[in-house]
Amino acid sequence: MPTPTVVQVVVDKPLAQGFDYLWDQQNLGQEPMIGQVVEIPFGRSSLIGVVIKVSGHSDFDINKLKQVKAVAPLPPLDSAALRLMNFASQYYIHGLGETIVPTIPQMWKKPEDWEKIPKKLIAAEKKKEKKDREIKSEGLIAESQLNNEQESALNALRNIAVEKKFRAILLQGQTGSGKTAVFLNWLSSILQDEKAQVLILVPEINLTPQLERRVRAYFPNKNMAVLHSAIPENQRGVAWYEAMTGKAQIILGTRLAALTPMPNLKAIVVDEEHDPSYKQQDGIRYSARDLAIWRAHDVKAPILLSSATPSLETWMAAKAGRYEYIRLDQRAQGASLPNVHLINTRDPQNQFSPGDVGRPEGKSPISKHLFHAISKNLENKKQSLVLINRRGYAPVLSCNACTWMSKCQQCSSYMVMHKAGALSRKSVLSCHHCGLVKPIPEHCPDCGNADLRALGQGTQKIEDSIEELWPKARVLRIDTDSSKKSKGAEELFQEIHAGNVDLVVGTQMIAKGHDYQNIGLVAVLDADSRLFSQDFRAPERLFAQLVQVAGRAGRSGTEGQAGGDIFIETQYPEAAVFQYLLRHDVDGFLSYTANERDEAKLPPFSYQGLVHAEGKSLEKAIQYLGALKGRLRSKNLIGHGLKVYDPVPKAVMRVAGTERAQLVIESGNRKQLQEILELIDQDLRSHSQGRISKGENIRWLIERDPISI
Ligand SMILES: [Zn+2]
Ligand SMILES: [Zn+2]
């Protein structure tokens, strides 16, 4: 009897190991290969898995092994992709199967459809060709059109990024300095190799259409695959297939694209590398930027990290010479930087007083100072952007007679008031954490008082105030509510480009990356709410966002023209974030932040891990983490450079009825942290089913390098 072939298969379950199956070559019609996507019987049903090992024996009784049922009509995942998955699984303390399988698009995980796939691919191809013809291309800046600074950046890049060598390069440049033109021209030299593949990562789905048009302009004859979560399932399945078979040369996408197999990967660009949306916040909590750097290193390719406000980690690596450092310090078209104005809202002179012309009826969220500036900008026929980082009408509804506030019954947060028409036909209260929607009570549920007040403000309330202050202006609101409705975000942005709008109110969605042509003024209304936070990264994020949003002003300016204005309403104009912004001093701010972190021994001067625990009661979740800490202490693992904090409730403690707690673990040594997290994983697994503890029913998860604490 010939030796049977045994394959080890991993599946999307929180398990540390894979399972052995028999491979019947005659029945399956092909040889087994590592990286194949297969259908296997599992319990009473069947699952999709990936082959990670092929051998002639099993540690289990061969006669009891089941057979692989079917093989997906796909080439196996290539060895570099599998190395990446292996690394991600180990580094982020996540099962290999639950790391790989979720990265495979749904289309390839439905065995009942596998037979139809060749037909589907042909149909999709035709559709794509048609769509590709329809995509407008825009924004080509050929090499000959680059300014001197861009040209020398491009030359430096070409000299550094030589073939078959890993290099991490920080391209730091002002907003509007033309970083995109530099890296697209660089990629064009790499793409002269017919087979080469390049990966371009962007932080937000909303930024892909504009960049897609730009990339199209540079590479009209290259095959591009666009990957992000908002793409229809089949389209994504085809794009992923084209990337993993080498058919697409340009892969443009959000963080999930970082894990897409690309057998001929030759260069990576991470645009806006500092952006927190590169961090996955559920399942395997990876950083797409960090994985991209590992990946470039693994396949010996250059990686370009681009930003106006680099993350502290990247900036320090460039400063220390671990990364190459290229800078663009001028705005590309010679326009000057926006003028930064801090409006001290505590100063009565900046506020409306009775008798002022144009004064609104109630208390105005827009100060008098800002009112005059926007009015002047309107007179100059320029557009204004007003940024408030909270959607809805008001963050909380409260009773004027008693202490009632619109608390969510399922979460430890308030329900946000939304005006009629936004989420439903009537005004509603909505919880932004669990999604619960309720009608607005007519009377206070506690005391019956009819005088309920909306406290604070969101985008809708600001929209109302603006319509009252400038009744003739054309106002557009852009937030996730308005962009989900009839028109997509892209269409709303087109309204701005077309000049159909005078005033735009929106959340940070409007701040990122878009090249607006006629914005003369940007106003930020709620900067203070993000100034004080338990998260030590909050000021860094606020600073990056303010630089971004300031960069929207006056981008179209030509030589010598004023660069537009940014107005920030704050009670704390002396705060470091604002003072460095006032001087456009990105490096000064980063250096200041580095000193602060160094003194407190916070990342990047130390490394952190987080153990999340959630269950029906907060007390039990805290106890569970406390017991874990106790076990670590009794094994004498705490100290010696390892710090384990006390378990605490999370910032939003209760979500959808689940109580949540966390334990922070910190070390000055990466390896020590890694070892302890692996140990914790084993410890917790030993009394758990998957990641749910037996007995207490606590769901736990380990996170490496958390970015919000
Ligand atoms: Zn009341
Ligand atoms: Zn809720």
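## Basis of the model

In this predicted model, local features need pLDDT of at least 70 and side-chain atom pairs count only at pLDDT 80 or more, while totals for chains, interfaces and linings use all residues. Residues are numbered from 1 along each chain as its sequence is written, chains are lettered from A and ligands numbered from 1 in the order in which they are written, and side-chain values use heavy atoms, with hydrogens and water left out.

Donors are N, O and S atoms within 2.8 Å of the metal (3.2 Å for Na, K and Ca); water is not among the atoms, so sites may look incomplete.

Strands here are DSSP runs (E, at least two residues), numbered from the N terminus. C402 is partly exposed, with a relative accessible area of 27%, whereas C444 is buried at 3%. Buried means under 20% relative accessible area, exposed over 50%, and partly exposed in between (1.4 Å probe, protein chains only).

## Zinc ion (ligand 2)

C408, C411, C431 and C434 coordinate the zinc ion (ligand 2) through their SG atoms at 2.3 to 2.4 Å. This site is also tetrahedral, with angles of 106 to 113° among the four donor atoms.

The donor spacing along the chain is C-x2-C-x19-C-x2-C. Because C408 lies in the loop between β15 and β16 and C434 in the loop between β17 (428-430) and β18, the pair ties together parts that are 26 residues apart in sequence. C408 is buried at 3% relative accessibility, and C434 is partly exposed at 24%.

## The three-stranded sheet

Three strands form an open sheet in the order β16-β17-β18, with antiparallel pairing (two strands pair if DSSP finds at least two bridges between them). β16 and β18 stand at the edges with a single partner strand each, so one side of each is left without a neighbour in the sheet.

Antiparallel strands β17 and β18 are joined by three bridges, and S430 stands opposite V437 in β18.

Conventions
Four donors count as tetrahedral if all angles lie between 85 and 135 degrees; four count as square planar and six as octahedral if opposite donors are over 155 degrees apart and all others between 65 and 115; anything else is irregular. Helices (H or I, at least four residues) and strands (E, at least two) are DSSP runs, numbered from the N terminus.
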